[in-house]
Amino acid sequence: MPTIRPPRPMLTWTLTPLQLPLRFTWKIARNASDSKTNMLLEVSGHGYSGRGEAAPNIRYHETPERLQQEFAQLQVAGLGQCETLAELTDFLNQHQPAAALRFALESAFVHREAARRGLAVPELLGVPARPGPVPTAATLPIMAPGAVADFVREQDLSRFPLLKIKVNREGGLDLLREVTRLLPGHPLIIDGNEAWPDADSLRQSWEQIRRLPGLQVRLLEQPLPAACAADYRALKGQLGCPVFADESVTDEADFADIARQFDGVNMKLMKAGGYLNGLRILRETRAQGLQTMLGCMVETSLGIWSALQISALADVCDLDGFWVVRDEPFGMVREENGLLVEGPGN
């Protein structure tokens, strides 16, 4: 009886951990870290290759170890047999890997397919190409107010058109007071990362925050937990600035209800799990008349370059994740006076 061998993979996939020391302590309302472990996904075959990045997020129970385990399982299940994007999509829908891993897999495949077909990534995805350099926000993590002046000066934050200030309930007012003292009138994104427990506690804090001299808020991002839908509906239109969803937008989100809670949506490809779902979220957001924002995790320039491919669809871009990384390894994006352009690593 002849030996039956499994079919040889048509494409070869590899996963490599990326140890990423950070330029400063990255502290948000949930946690703090001085380094990150992301994952580099590479796919090759028939003379073409593509790369993608996974940035695991503990908020969604993602760890480097979980992603490595899931990748090994996908390899055994036949990942290398997927030859088209439709086949890969069906395969990933069947096996349901973590969103960050799924994005790395799909984006690597898309980048290889674009190279194989001689197309730019936006063209392959059917979206407009960005018209030029992309303005980005830069993020000031949670820190003691006394440390803000040195941080602002050392990082030259005034060059960015937007500043994103990470805040928690306890110290947000004092941190914002110092930022507005140093940079009065500078447009701010205030990001609470679900730090306030309910609408009443946020109203009390916000009454104090909004009276700060020199405060100019472009938007307030996800101040309450995602579970507080009724609180968000009660707050809609009352805070004097747009309120954007981040953690509240999942694959199961009812966008008509999102529109009753929020004025805009921050879409992150790492959380969306790929270009295809990310584009769906942006289109659903637009269809409800909401503003669009393109965000990121702490990522290398590979992940940020991926986001730039669809940045023409965003009203606001917060794509400074690579700027946080010390000795960024790829050089695919560079920042000049708060604007992002493609770097020599492409």
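Q: How many disulfides does the count come to?
A: The count comes to 0 disulfides, a disulfide being a pair of cysteine sulfur atoms within 2.5 Å. This is a predicted model, where local features need pLDDT of at least 70, side-chain atom pairs count only at pLDDT 80 or more, and totals for chains, interfaces and linings use all residues. Residues are numbered from 1 along each chain as its sequence is written, and side-chain values use heavy atoms, leaving out hydrogens and water.

Q: Is Cys241 buried or exposed?
A: Cys241 is buried, at 13% relative accessibility. Buried means under 20% relative accessible area, exposed over 50%, and partly exposed in between (1.4 Å probe, protein chains only).

Q: And what about Cys317?
A: Cys317 is in no disulfide either; the sulfur of Cys296, the nearest from a cysteine, is 9.7 Å away. Cys317 is buried too, with a relative accessible area of 8%.

Q: Changing topic, what is the strand order in the open sheet?
A: The order is S1-S2-S3, with antiparallel pairing. Strands here are DSSP runs (E, at least two residues), numbered from the N terminus, and two of them pair if DSSP finds at least two bridges between them.

Q: Which strands stand at the edges?
A: S1 (12-27) and S3 (48-54) do; each has a single partner strand, so one side of each has no neighbour in the sheet.

Q: How many bridges join S2 to S3?
A: 7 bridges join S3 to S2, residues 32-45. Leu40 stands opposite Glu53 in S3.

Technical notes:
Helices (H or I, at least four residues) and strands (E, at least two) are DSSP runs, numbered from the N terminus.
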